[in-house]
Amino acid sequence: MHLLRGAVRTYAWGSRTDIAEFTGRACPTAHPEAELWFGAHPGDPAMLETEDGERSLLAALRDDPEGQLGAAVCARFGDTLPFLVKVLAADEPLSLQAHPSAEQALEGFERENRLGIPVSAPNRNYRDPSHKPELIVALSQFEALAGFRPAAGSIELMRALAVTDLDPYVNLLSGQPDAGGLRALFTTWITAPQPDLDVLVPAVIDGAIHYVRSGRREFAAEAKTVLELGERYPGDAGVLASLLLNRITLKPGEGIYLPAGNLHTYLNGVGVEVMANSDNVLRGGLTPKHVDVPELLRVLDFTPADDVVVRPEEVDDGIESVYRTPAPEFAVSVLHIDGDRIGHEIDAPTRHDGPQILLCTEGSTVVHAKGGTVTLNKGSAAWVSADEGPIRLAATQPTKLFRATVGI
């Protein structure tokens, strides 16, 4: 077991304070810090803090895959850690995006290889052959758009904005209020000529302004999101797309699970994100980065969803809260040390014999394993290899540890 130093990723939508404060560093930082990666992705592996100095987790897995991952995990996923843990801090909206299925990712990766597009090229869609199901769990209030809302809700929203230019699209969706209608409307907007968008988007923004000024509350969050996106990305079809997506506010501890094909964007907030070990993103707007609308349309799932929030399920006498997802690559839970458990060593529940990444998001605890002892404070993480056995925890204050393991 070793402390794990995460890799900081700087993107324009990140925060100059949130990740620095989380990890106890001085702020504001020189550049916006968007993500902190704890994992073994080749693009930015985390570093193990060993007696001989820092060592890449990726290198440790290559040298001893079975000892680090366990025989069962190696049999399922080879010598690769199948999940990636991130802390994400969004001060501005991310791009409108979706992730491919396993089959789509493999086909796309091989196709772009045949075309000779370098993996690091800015116009590359598929940087690896893996799919990317992911779970985001809020550490602060977290705002997002995720998944197509049922057509009736989008029709009601568009009518509430009272924009005459939206009438043809309201009629389109009213005539086919299902996944097919959502596909037709979204495709119409995302492929519209720029001159058409330069008329329609400002009209929708004006409708949102009037709605907000009216003091009505039912769609206040949706209208304010239109205004925020329209200010940052004038004339972008993603502003219109926001009318079709579920507008979600997560409380700390609540999450969103994003399977393949789920159109989404994170708007604001800090969260812990656990995903399959992939960096495949297909963008459709709200970004200066590479946008590939035909490829995005190929992978999108237009099936409406009206309840996409994942809430933790308490198990093991309240020691652990589990976030249930169908992803085979990862399992996510939170270990709670509070009440009578403070000041005593407790056994962490054992799920299986695979590896673990522990991330402290509150408090401080000593972690004991077969391979040694580490102290985790807020913002620090540890790698527990498969051959280091069960762990024991000892804290003198209320503490929360996010635990990521391989799915059962």
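This is a predicted model: local features need pLDDT of at least 70, side-chain atom pairs count only at pLDDT 80 or more; totals for chains, interfaces and linings use all residues.

Colleague: OK, so is Glu35 buried or exposed?

Modeller: Glu35 has a relative accessible area of 7%, so with the cut-off at under 20% it counts as buried.

Colleague: Where is Glu35 in the fold?

Modeller: Glu35 sits in strand β3, which covers residues 35-38.

Colleague: Which side chains does the side chain of Glu35 make a polar contact with?

Modeller: Trp37 is one, at 2.8 Å from side chain to side chain. Lys86 is another, with 3.4 Å between its side chain and that of Glu35.

Colleague: Switching topic. Which residues does UniProt list for "binding site"?

Modeller: The UniProt entry, which is unreviewed, lists Gln97, His99, Glu134 and His264. They are spread over 168 residues of sequence but cluster in space, with a largest C-alpha distance of 12.8 Å.

Colleague: Which of these residues are in the lining of the largest pocket?

Modeller: Gln97, His99, Glu134 and His264 are included in that lining.

Colleague: Let's take Glu134. Where does it lie, and is it buried or exposed?

Modeller: Glu134 is in strand β8, residues 134-138. Its relative accessible area is 2%, so it is buried by the under 20% cut-off.

Colleague: What joins Glu134 and His99?

Modeller: A polar contact between their side chains, at 3.2 Å. Glu134 also touches other residues away from it in sequence, including Ile256, Tyr257, Leu258, His264, Tyr266 and Glu273.

Colleague: And His264, what's the story there?

Modeller: His264 belongs to strand β12, residues 264-276. It is buried, with a relative accessibility of 2%. Among the residues His264 touches are Gln97, His99 and Glu134, which UniProt lists for the binding site along with His264. Ser95, Leu145 and Leu258 are also among the contacts of His264.

Colleague: What about Ser278, where is that found?

Modeller: Ser278 is in the loop between β12 and β13 (282-285). Although it is a loop residue, Ser278 counts as buried, at 0% relative accessibility.

Colleague: What lies 3.2 Å from a polar atom of the side chain of Ser278?

Modeller: The backbone oxygen of Ser130. Ser130 is also one of the residues Ser278 touches, along with His41, Asp128, His131 and Lys132.

Colleague: Last topic, the sheet of nine strands. What's the order?

Modeller: The sheet is open and runs β5-β4-β1-β22-β19-β24-β17-β16-β15, with antiparallel pairing. The edges are β5 (53-56) and β15 (313-315), each with a single partner strand, so one side of each has no neighbour in the sheet. The twist averages 30° from one strand to the next.

Colleague: How many bridges do β16 and β17 pair over?

Modeller: Four, in the antiparallel sense, between β16 (residues 320-323) and β17 (residues 331-337). As one of the residue pairs, Glu320 has Leu335 in β17 as its bridge partner.

Colleague: Great, that's what I was after.

Conventions: Residues are numbered from 1 along each chain as its sequence is written. Side-chain values use heavy atoms; hydrogens and water are left out. Helices (H or I, at least four residues) and strands (E, at least two) are DSSP runs, numbered from the N terminus. Buried means under 20% relative accessible area, exposed over 50%, partly exposed in between (1.4 Å probe, protein chains only). A polar contact is a pair of N or O atoms within 3.5 Å; within protein, one must be able to donate a hydrogen and the other to accept it, and residues adjacent in sequence count only if both atoms are side-chain atoms. UniProt positions are given in the numbering used here, feature names are shortened, and annotations may be inferred rather than shown by experiment. On a 1 Å grid over the protein atoms alone, a cavity is a set of points where a 1.4 Å probe fits but cannot get out, and a pocket is an open set with protein on both sides within 12 Å along at least five of seven lines; lining residues have an atom within 4 Å of a point. Contact means heavy atoms within 4.5 Å. Two strands pair if DSSP finds at least two bridges between them. Axes are lines fitted to C-alpha atoms, for helices over the stretch in contact, and angles run from 0 to 180 degrees between N-to-C directions. Lists of a residue's contacts leave out its neighbours within four places in sequence.
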